[in-house]
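Reader: I have just started looking at proteins. Could you walk me through the aromatic rings here?

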Amino acid sequence: MNSSGVMEPNIEYAPKHYICRRATESLVLDGRVDKSFWAGADWTDDFVDIEGDLRPKPTKQTRVKMMWDDEYFYFAAELIEDQIWATLTEREAVIFYDNDFEIFIDPDGDTHQYYEFEVNALNTVWDLMLVKPYRDGGPPVNAWDINGLKTAVHIDGELNRPDADNRKWSVEVAMPWTSLRECAPEGRPPVKDEFWRVNFSRVQWRTEVKDGEYTKILNPDTGKPFPEDNWVWSPMGIINMHYPELWGYVVFADKEGPEQFEPSPDERMKWELRKLYYRERNYFAEHGEFTTDVKMLMGDESWIITPTIELTSRLFQISAPSSDGTATIYIREDGKLWKE
């Protein structure tokens, strides 16, 4: 059991959602997002700061399109950028040391067994699986690869040329279900009307031009680069992408729809159980034991769940009836959430 506390995100629970339509043609990847393949897909909302309304809006626009078919989950990202640079060329390098674009996918929404993908403007890729979030002990599985992954980057301008007319860079990604289904419900691709939990991040470093090259601006107080900006699709309320419970809902649709998405009341209940998990973890970090004092954990906020807490000295399980009363939703001390 990881006995340290966990940050509780400072955010109202309102993840973004997106209706992902079926592709009607095959994709030839060249990194361009202005072709007929993508014409039927909507753009997401523009990215916001990872902390949401607590921080200023990003200074440069980022947005994404998604599509799917029987073979692949497709992504297109457009990153408006007057400073297009990248240095990392080795697969599985820590890509976010460059400016990058990142995709996070939790197929079954239990916050365990999820995927992370990062790519820079050189089309260098890092993909990994997390057994569970770092707060719950991880670990990241770097050796895991999305077999059959296809990616392409298009640069509207010139890479690593500050004097060029730089406008944006864009990315296309095709991830095969044969790899993604590994952590999915029943080990299969999604079907119409199902959703997967997904989020995107753009890491943006402050740079200046020295001797005709981009370099990260150093903080004179520390001698290290200023912290990067993190711009995301669905805000997290915390500077940490590894809270899958806050990622957006991507709903898989076909010609018949659905045209819109309203999360079931169970989704709100899962979030309330998650808040109790944060507080139970933090209580343990302070007191060296868990508590069954539900009222104390809940404070004076309004809740829709009526939770039950079961404890041992090192384990806890919090449960509540599902919204329709036919099942029970559970969360335990390592953050795993499920319904039975």
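This is a predicted model: local features need pLDDT of at least 70, side-chain atom pairs count only at pLDDT 80 or more; totals for chains, interfaces and linings use all residues.

Reader: Which residues do ring pairs link into a cluster?

Author: Residues are numbered from 1 along each chain as its sequence is written, and side-chain values use heavy atoms, leaving out hydrogens and water. Rings of Phe, Tyr and Trp (its six-membered ring) pair if their centres lie within 6.5 Å; planes under 30 degrees apart are stacked, over 60 edge-to-face, and the rest tilted. The cluster linked by such pairs consists of Phe 47, Trp 68, Phe 73, Phe 75, Phe 101, Trp 177, Trp 196, Phe 200, Trp 233 and Phe 252.

Reader: How many aromatic pairs are there by this rule?

Author: Counting ring pairs with the 6.5 Å cut-off on their centres gives a clear total. The count is 30 aromatic pairs.

Reader: How many residues apart in sequence are the parts that Phe 73 and Phe 252 tie together?

Author: Phe 73 and Phe 252 pair edge-to-face, 5.3 Å centre to centre with 65 degrees between the planes. Strands here are DSSP runs (E, at least two residues), numbered from the N terminus. Phe 73 lies in strand 4 and Phe 252 in strand 15, so the pair joins parts whose separation in sequence is 179 residues.

Reader: Is Phe 73 buried or exposed?

Author: Buried means under 20% relative accessible area, exposed over 50%, and partly exposed in between (1.4 Å probe, protein chains only). Phe 73 has 0% relative accessibility, so Phe 73 counts as buried.

Definitions and conventions: Helices (H or I, at least four residues) and strands (E, at least two) are DSSP runs, numbered from the N terminus.
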